[in-house]
Amino acid sequence: GLVAPAAANWLLGPVLLVGMVLLGVAHGACDQFVVPAIHPALAGSRGRYWAGFLGGYLGLAATVGLLWWWQPGMAVAGFFGLTAWHWGSADAPLARHRVQWVAHSLLRGGLIFAVPLWHRPLETQSTVNGLLTLAGAAPVGAAAMAEATAVLVPVVVLGHLLLWGSYLWQRQDHLARTDAMEVLLLSVLLVVLSPILSGTVYFVCWH
């Protein structure tokens, strides 16, 4: 990009495309190995499996791209929602009941967005509006951000208290203590650092 900026797209585009096909998404997940590892019978025919995988993968990518072009505001909202669920569900421990796992997933994902909204509202609004502007959508005003904060923060706080209470009621004291410590550590991280930096540190070092 620095040496030949005019030719960067032509030189790096094929590399990115090959990387997406061979590795999966650009951050390095080997998506194409998930089904063969979990359901080997579904990947018995290698040619048919690869055709189905690439067709579905590229079709989903095209659908998301069209959504970003057609309804950028909805696409950004979906991006944040999917990110919250993905991060939260990846952090969720195995619990005795699936309801607890779902609750933990939603609350952990919500926590990562609720703390910056509450503690650094202007920086968080700037980050969100930067993405909206990049996508070509209208920016979000301070009043809308304040309303989102007023709803999300109490839900996350009360939800965690209820979740920990359910762990203790089922004699999962260790799980309750571990989750409380993780929430405390994540909250400190999200308070001390800016939204962009705290999210980056969380993603690289925790998620």
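**Helices, a pocket and selected residues in a predicted model**

T124 counts as buried, at 9% relative accessibility; buried means under 20% relative accessible area, exposed over 50%, and partly exposed in between (1.4 Å probe, protein chains only). The structure is a predicted model, in which local features need pLDDT of at least 70, side-chain atom pairs count only at pLDDT 80 or more, and totals for chains, interfaces and linings use all residues. Residues are numbered from 1 along each chain as its sequence is written, and side-chain values use heavy atoms, with hydrogens and water left out.

T124 sits in helix α6, residues 121–135. Helices (H or I, at least four residues) and strands (E, at least two) are DSSP runs, numbered from the N terminus. With its neighbours within four places in sequence set aside, T124 is in contact (heavy atoms within 4.5 Å) with P116, L117, M145 and P195. L152 lies 28 residues from T124 in sequence. Their C-alpha atoms are 14 Å apart in space.

The protein has nine helices and zero strands. Along the sequence the pattern reads α-α-α-α-α-α-α-α-α. The C-alpha trace spans about 55 × 45 × 30 Å along its principal axes. Of the 207 residues in the protein, 29% are buried. Among contacts between residues at least 6 apart in sequence, 56% join residues at least 24 apart.

Helix α7 gives the largest share, six residues. The lining divides into 11 nonpolar residues, two polar and no charged. Here Ala, Val, Leu, Ile, Met, Phe, Trp, Tyr, Cys and Pro count as nonpolar, Asp, Glu, Lys and Arg as charged, and the others, Gly among them, as polar. The volume of the second largest pocket is about 200 Å³. A pocket is an open set of points on a 1 Å grid over the protein atoms alone, with protein on both sides within 12 Å along at least five of seven lines; a cavity is a set of points where a 1.4 Å probe fits but cannot get out, and lining residues have an atom within 4 Å of a point. Grid points are joined across faces, edges and corners, and a volume is the space filled by probe spheres set on the points.

D179 lies in α8, residues 173–192. D179 is buried, with a relative accessible area of 3%. Leaving aside neighbours within four places in sequence, D179 is in contact with H104, R108, H160, L163 and W164.

Other residues are exposed. L158, in α7, has a relative accessible area of 51% and is exposed. L158 and L107 are 51 residues apart along the chain, and 9.7 Å separates their C-alpha atoms. R171 is found in the loop between α7 and α8. R171 is exposed at 73% relative accessible area. Its phi is near 60 degrees, a positive value in a residue other than glycine. Most residues other than glycine have a negative phi. C205 lies in helix α9, residues 195–205. C205 is exposed, with a relative accessible area of 66%. C205 and L106 are 99 residues apart in sequence and 20 Å apart in space, C-alpha to C-alpha.
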